[in-house]
Amino acid sequence: MRLSFALVLICGPAFAACPAPPDIAGELTQLFEKSRSARDFQQGQSLSNKMWEVWLRAPDDAAQEVLNRGLRKRDAFDFVGALADFDRLVTYCPAYAEGYNQRAYILFLREDYENALVDLDIALKLQPLHVAAQSGRALTLMKLGRIPEARAQLLVAVENNPWLSEAALLAKGAPLGPVGEDI
């Protein structure tokens, strides 16, 4: 079993094909409904964490191993290593949205906003209900100075999960706050 993982990780798609990711829309829709009716911050955060559990569930063990390794490298600030792992992941599992979302996050941290936006657009095409990609796209658009688009994107994300910390960017006086309400 370990040998097959190693071969997939080294050889990638030439050795094996990643299975199609399962349809998670129903599971996410239920979590969105629960988050909208959450009674407090603790419950809202718990539901947000459950959303992450869904998005971070890779299509197979080999993909999960690459994703987890990339996340560990990201958390250790090894962005070069993390980027290499997320490149491997999107090559092996091109239909798995989280590979693109994680790679976009690394690109964002490296201030490569144009390429981060490309990956976020792919992630959202693959998984339109990916709230983290929605909010990441909003932040990326904001960094690119595309404020009206950023605001519209963040409003969609907050509609799906009102407990996002990025929601603060929509407050009056905040970078994506209401326009035209100045004194």
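Student: How much space lies in the largest pocket?

Tutor: The model is a predicted one, and the space described here is computed from its atoms. The lining of the largest pocket divides into 12 nonpolar, 10 polar and 2 charged residues, and what they line is a space of about 480 Å³.

Student: Which residues are the closest to the centre of the largest pocket?

Tutor: Helix H3 (41–55), helix H6 (97–109) and helix H8 (131–143) each supply at least two residues of the lining. There are 24 lining residues, and the closest to the centre are Trp52, Ala132, Ser135, Gly136 and Glu166.

Student: How many residues of the lining of the second largest pocket are nonpolar?

Tutor: The second largest pocket holds about 170 Å³ of space, and H3 and H6 each supply at least two residues of its lining. Of its 13 lining residues, Pro21, Pro22, Ile24, Tyr96 and Gln127 lie nearest the centre. By class, 2 residues of this lining are polar, 2 are charged, and the number of nonpolar ones is 9.

Student: Are H8 and H9 roughly parallel or roughly antiparallel to each other?

Tutor: H8 and helix H9 (residues 147–160) pack with their axes 8 Å apart, at an angle of about 160 degrees. Angles over 145 degrees count as roughly antiparallel, and therefore H8 and H9 are roughly antiparallel.

Student: In the contact of H8 with H9, how many residues are charged?

Tutor: From H8, residues including Arg137, Ala138 and Leu141 take part, and they meet residues of H9, among them Glu149, Ala150 and Leu154. The residues of this contact divide into 9 nonpolar and 4 polar, while the number of charged ones is 2.

Key. Residues numbered from 1 in each chain as written. Predicted model: local features only at pLDDT ≥ 70, side-chain atom pairs only at ≥ 80, totals over all residues. Heavy atoms only, no water. 1 Å grid on protein atoms, 1.4 Å probe; cavity = no way out; pocket = protein on both sides within 12 Å on 5 of 7 lines; lining within 4 Å. Points joined across faces, edges and corners; volume = space filled by probe spheres on them. Helix = DSSP H or I, 4+ residues; strand = E, 2+ residues; numbered from the N terminus. Nonpolar A, V, L, I, M, F, W, Y, C, P; charged D, E, K, R; others polar. Axes fitted to C-alpha atoms, helices over the stretch in contact; angles between N-to-C directions. Parallel < 35°, antiparallel > 145°, perpendicular 65-115°, else oblique. Contact = heavy atoms within 4.5 Å.
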